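Reader: I would like to learn how to read the contacts inside a protein model, one kind of feature at a time. Could you take me through the structure below?

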Amino acid sequence: MGYTLEVKPSQIPHEDAGKGLFLQGEANIGSVIAFYPGVLYPPAYYRYILGYPRVDPQNSHLITRYDGTMINAQPWGAGGESRELWDWTSSPEPKHTMQADEKGSDLDGTHVGGNLEMLERRNPLAFAHFANHPAKGMVPNVMIYPYDFPLLEKDMRPYIPNVPFGNDEETDTSKFGSFRLKTWKSNNNESKVPVLKTLVLVATRAICDEEVLLNYRLSNSEHIPSWYTPVDEED
């Protein structure tokens, strides 16, 4: 592809910046830079997110698509070669009081029964959750773009860094392997294809050996952190 991704201390000048996402090499405008990994929650399953209903203060790795699908990248961590069990058939009781530092993970198989699937973390671009918001005077170099992974080839499943939580009861569903997934009609309208709804980061300009920066577009004025500076006055 001409580039790789690395997670290391951010160059953003504030103490909460933590780790940032860096591109090593060169990427052209329009390139897919990173995938947003983690557990996919349709609106009906928000209450199962750890810490619900106060999930934002405990988890900085939550993001929501335009259709309401929320992605929780916190259980994904920094990826790697690790593998974990996931069972789509089990829906644990909502944990309304669970804290972020309690034991347990959305991705572990400790609370489920049979039909366990192996979730692999090998996608080398599954680091979008480490992209920081630009500091004042800086300009973002990527943008969010919704993408639906069509699950047509089982050999590619290990490289899709997302797993669905539960099943959206308001839509038609299908099974692919042991996952229940939303479906959509293909372009020729002849068949339905199982998909995983996720997000990717797309380059808004050429990027070369630099930190990946994403405009967070925070809108809740009550919870906007002190370090946040809008990129545009309209944000």
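Author: Let us begin with a salt bridge, which is a side-chain nitrogen of Lys or Arg within 4 Å of a carboxyl oxygen of Asp or Glu. Here the side chains of Lys 197 and Asp 67 form such a bridge, at 3.5 Å from N to O. Lys 197 lies in strand E13 (residues 192-203) and Asp 67 in the loop between strand E5 (62-64) and strand E6 (70-72), so the pair ties together parts that are 130 residues apart in sequence. Strands (E, at least two residues) and helices (H or I, at least four) are DSSP runs, numbered from the N terminus. Please keep in mind that this is a predicted model, in which local features need pLDDT of at least 70 and side-chain atom pairs count only at pLDDT 80 or more, while totals for chains, interfaces and linings use all residues. Residues are numbered from 1 along each chain as its sequence is written, and side-chain values use heavy atoms, with hydrogens and water left out.

Reader: Which residues are linked with Asp 67 in a network of salt bridges?

Author: The network links Arg 65, Asp 67, Asp 148 and Lys 197. Within it, the side chains of Arg 65 and Asp 67 meet at 3.0 Å, N to O. To describe their surroundings we use relative accessible area, where buried means under 20%, exposed over 50%, and partly exposed in between (1.4 Å probe, protein chains only). Arg 65 counts as buried at 4%, whereas Asp 67 is partly exposed at 25%.

Reader: How many salt bridges does a search of the whole structure find?

Author: The search finds 4 salt bridges. One of the salt bridges joins Arg 205 and Glu 210, whose closest N and O atoms are 2.7 Å apart; Arg 205 is partly exposed at 33% relative accessibility, and Glu 210 is partly exposed as well, at 22%.

Reader: How should I read a pair of aromatic rings?

Author: Such a pair is described by the distance of the centres and the angle of the planes. Rings of Phe, Tyr and Trp (its six-membered ring) pair if their centres lie within 6.5 Å, and planes under 30 degrees apart count as stacked, over 60 as edge-to-face and the rest as tilted. By this rule the count comes to 8 aromatic pairs. In one of them, the centres of Tyr 48 and Phe 165 are 5.2 Å apart and the planes stand at 35°, so this pair is tilted. The two residues are 117 places apart in the chain, with Tyr 48 in the loop between strand E4 (38-41) and E5, and Phe 165 in the loop between strand E10 (162-164) and strand E11 (173-176). Tyr 48 is buried at 14%, and Phe 165 is buried at 4%.

Reader: What tends to happen to nonpolar side chains in soluble globular proteins?

Author: They tend to be buried together. A nonpolar core is a set of buried Ala, Val, Leu, Ile, Met, Phe, Trp, Tyr and Cys residues joined through side-chain atoms within 4.5 Å. The largest core here has 31 residues, and Leu 5, Leu 21, Leu 23, Ile 33, Leu 201 and Val 212 have the most contacts inside it. Strand E13 gives the largest share of this core, 6 residues.
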